[in-house]
Amino acid sequence: MGDESKNSSEEPSQVNQDELILAQQRQIEKEISESIPLVGEMEPISSLNSEYANDEVYLEKIKDLSSKYKHIRRTRPDGNCFFRAYSYAGLERLLDKKDEFNAFYKQAEESKDALVQLGFQQFTVEDFYDIYMEVLKRVGDLTDVDDAKKTLHFLFNEQGYSDYMVVYLRLLTSGQLQKDQDFYSCFIEGDRTVADFCHQEVEPMYKESDHIHIIAACAALNMGVRVVYMDRGNNKSVTEHDFPEGCTPLVHLLYRPGHYDILYP
Amino acid sequence: MSEPQSALLLRKQLAELNKNPVEGFSAGLIDDNDIYRWEVLIIGPPDTLYEGGFFKCHLYFPKEYPLRPPKMKFVTEIWHPNIDKNGDVCISILHEPGDDKFGYEKASERWLPVHTVETILISVISMLADPNDESPANVDAAKEWREMYGEFKRKVARCVRKSQEEC
């Protein structure tokens, strides 16, 4: 009995604490989603300065960054930023290169069957695939590149479309990891299988991306990316890393701890 | 999008479940005008204590489905370690991504956008057969299940009988 009375006095406060933390988390998410668009407008690199007004380390690095890039496009920090930034920036670039866009489209068309062959349920993959293809088709059908880019921007700021793009890219990334699991298993910490890792870290929404996600996403879409790292480290310049190594990157992303934005040379 | 993607997806799933029913449960809507609130009848799985029971449950889907999970509640009274005394089902696949509320679960078991009503129900039916007493939502039921199995069985049997009468 002694046990029980102890439990009943502890449990409510325990639950309340958790509820409070969750409620606060939702509140923060709400504030972020109300103040930061999913994908923002293009801004000059110098717009970063205001975020680091008194921070010599960052200001120095922004100077270095602005010698390499002219513009930045911010994305919402919701854990999906890599996937959202990467697919937006990739499609935006491809719209300038009709042939490459068509090849990309063809590869995307075939991707669903590949996922189903890997064991994904057709019924559930289909929905995300359909929206993904709808977006590609809608921007691809427009002959005027500026119109196409405007439509792309519009669709990526429609929560329904934008999030489905992220889900499908997460599925493609998961598929890539599982297809080449012999290779990727070396990079997974702990005694998790690649499939476990995909279920825990890749397929769930709002889960942040690491190197392994980036490598697999680039392999899945066959589209290279340069990630420019900017952190509080001591060197005066930003660090660049291409995925896959040695590629000519189509997409350029800025990484600051925990977040990716799009860069424009 | 004239109708949210979530509504389309749920409509599609409902049509599919009506066309090709899955063994172990039947699904419909609480109110035909509201695609976000489902009523499901679970048939107590054979060779378990719940065999012969008919358990009515409600599923409440958020507008963000399938990015966020639905909530599930047993309307029929049921005694089970992972269903709290209000009927709320507490299994990890129905927990929000990144939701560490109880701190016990591995992320592996969290909600994924590829889950459907069918995969949820399959998990719940398997939970009926095989409770997880490491993370009980009904502490008393979990304790009985571990330490006073006879008493546990008697309470479940009473729920099963009651569910048959209500049906």
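**Group meeting: a two-chain predicted model**

Let me start with the sheet in chain A: six strands make up an open sheet, ordered E1-E2-E6-E5-E3-E4, with mixed pairing. Strands here are DSSP runs of E with at least two residues, helices are runs of H or I with at least four, and both are numbered from the N terminus. Two strands pair if DSSP finds at least two bridges between them. At the edges of the chain A sheet are strand E1 (39-44) and strand E4 (239-243), each with a single partner strand, so one side of each has no neighbour in the sheet. From one strand to the next, the twist averages 30°.

Before going on, some housekeeping. This is a predicted model, in which local features need pLDDT of at least 70 and side-chain atom pairs count only at pLDDT 80 or more, while totals for chains, interfaces and linings use all residues. Residues are numbered from 1 along each chain as its sequence is written, chains are lettered from A and ligands numbered from 1 in the order in which they are written, and side-chain values use heavy atoms, with hydrogens and water left out.

On confidence: pLDDT is the predictor's confidence in each residue, from 0 to 100. For chain A the average is 89, and 94% of the residues score at least 70. Residues 1-13 of chain A stay under 50, and the model gives them three contacts beyond four places in sequence. A contact means heavy atoms within 4.5 Å. Chain B averages 88, with 91% of the residues at 70 or above. In chain B, the pLDDT is below 50 over residues 101-105, and this stretch has 12 contacts beyond near neighbours in sequence.

Back to the chain A sheet. Strand E3 (residues 225-229) of chain A pairs with E4(A) in the antiparallel sense, over five bridges. Within that pair, Val227(A) has His241(A) in E4(A) as its bridge partner. Helix H11 (residues 211-221) of chain A lies across E3, E4 and strand E6 (259-264) of chain A, at about 45° to E4(A). Angles run from 0 to 180 degrees between N-to-C directions, and axes are lines fitted to C-alpha atoms, for helices over the stretch in contact. Asn222(A) is in the loop between H11 and E3 of chain A. Its phi is positive, about 55°, although Asn222(A) is not a glycine. Most residues other than glycine have a negative phi, and most peptide bonds are trans.

One joins Phe243(A) and Pro244(A), with omega about -15°; Pro244(A) lies in the loop between E4 and strand E5 (251-256) of chain A. Another joins Tyr65(B) and Pro66(B), with omega about 5°; Pro66(B) lies in the loop between strand E3 (54-60) and E4 of chain B.

Now a pair of helices. How do H3 and H8 of chain A pack? Helix H3 (residues 81-94) and helix H8 (residues 159-179) of chain A meet at an angle of about 100°, with their axes 9 Å apart. That makes H3(A) roughly perpendicular to H8(A), a label used for 65 to 115 degrees. On the H3(A) side, the contact residues include Phe83(A), Tyr86(A) and Leu91(A); on the H8(A) side, Met165(A), Val166(A) and Leu169(A) are among them. The contact divides into six nonpolar, three polar and three charged residues. Nonpolar means Ala, Val, Leu, Ile, Met, Phe, Trp, Tyr, Cys or Pro; charged means Asp, Glu, Lys or Arg; the others, Gly among them, are polar.

From the record: an unreviewed UniProt entry annotates residues 70-265 of chain A as "domain: OTU". The end C-alpha atoms of that span lie 5 Å apart, and the span is 56% helix and 14% strand. For "active site", UniProt (unreviewed entry) lists Asp78(A), Cys81(A) and His259(A). Although spread over 182 residues of sequence, they cluster in space, the largest C-alpha distance being 8.7 Å. Asp78(A) sits in the loop between strand E2 (71-75) and H3 of chain A. UniProt positions are given in the numbering used here, feature names are shortened, and annotations may be inferred rather than shown by experiment.

Finally, chain B. Four strands form an open, antiparallel sheet in the order E1-E2-E3-E4. Strand E1 (25-29) and strand E4 (71-74) of chain B are the edge strands, each pairing on one side only. Neighbouring strands are turned by 25° against each other on average, direction ignored. E1(B) and strand E2 (residues 37-43) of chain B run antiparallel, joined by five bridges.

How values were computed. Parallel < 35°, antiparallel > 145°, perpendicular 65-115°, else oblique.
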